[in-house]
Amino acid sequence: EEKLAQAEQIEQVKSAFSGLSAECRQFLLLNYFEYKDDAEIAETMNYSLEFVKVKRFRCLKKLKEILGL
């Protein structure tokens with residue numbers, strides 16, 4: 001039963017993730033799945049560090065909104 005609940009949560013996150021812009025998906029993938037910090041993301045995407053921090057915050061906020069959190 002716990003595994004079923006976990007699988008449902010994973011599907012909800014996948015669905016919510018697909019509702020994000022391509023740029024948000026890229027920011028979050030780099031940060032949470034490739035374990036890159038903000039400075040590495042800024043260098044990879046050729047953005048300022050400040051822009052990356054703001055954009056990541058906004059993307060996480062949008063993801064939470066989609067998930068209803």
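Leaving aside neighbours within four places in sequence, which residues is Ala 16 in contact with? Select Ala 16 and you will find that, with those neighbours set aside, Ala 16 is in contact (heavy atoms within 4.5 Å) with Leu 63, Ile 66 and Leu 67.

Before going on, note that this is a predicted model, in which local features need pLDDT of at least 70 and side-chain atom pairs count only at pLDDT 80 or more, while totals for chains, interfaces and linings use all residues. Residues are numbered from 1 along each chain as its sequence is written, and side-chain values use heavy atoms, with hydrogens and water left out.

**H2 against H3**

Now show H2 together with helix H3 (residues 38-45), which pack at an angle of about 135° with their axes 10 Å apart; axes are lines fitted to C-alpha atoms over the stretch in contact, and angles run from 0 to 180 degrees between N-to-C directions. H2 and H3 are therefore oblique to each other, since angles under 35 degrees count as roughly parallel, over 145 as roughly antiparallel, 65 to 115 as roughly perpendicular and the rest as oblique. On the H2 side, select Gln 26, Phe 27, Leu 30 and Asn 31, and on the H3 side Asp 38, Ile 41, Thr 44 and Met 45, which together make the contact.

**H3 against H4, and Asp 38**

Turning to H3 and H4, their axes come within 9 Å and cross at roughly 110°, and the two helices are therefore roughly perpendicular to each other. Asp 38, Ala 39, Ile 41 and Ala 42 of H3 make this contact with Leu 49, Val 52, Lys 53 and Arg 56 of H4.

Finally, select Asp 38, which lies in helix H3 and is buried, with a relative accessible area of 12%. Leaving aside its neighbours within four places in sequence, Asp 38 is in contact with Asn 31, Leu 49, Val 52, Lys 53 and Arg 56.

Technical notes. Helices (H or I, at least four residues) and strands (E, at least two) are DSSP runs, numbered from the N terminus. Buried means under 20% relative accessible area, exposed over 50%, partly exposed in between (1.4 Å probe, protein chains only).
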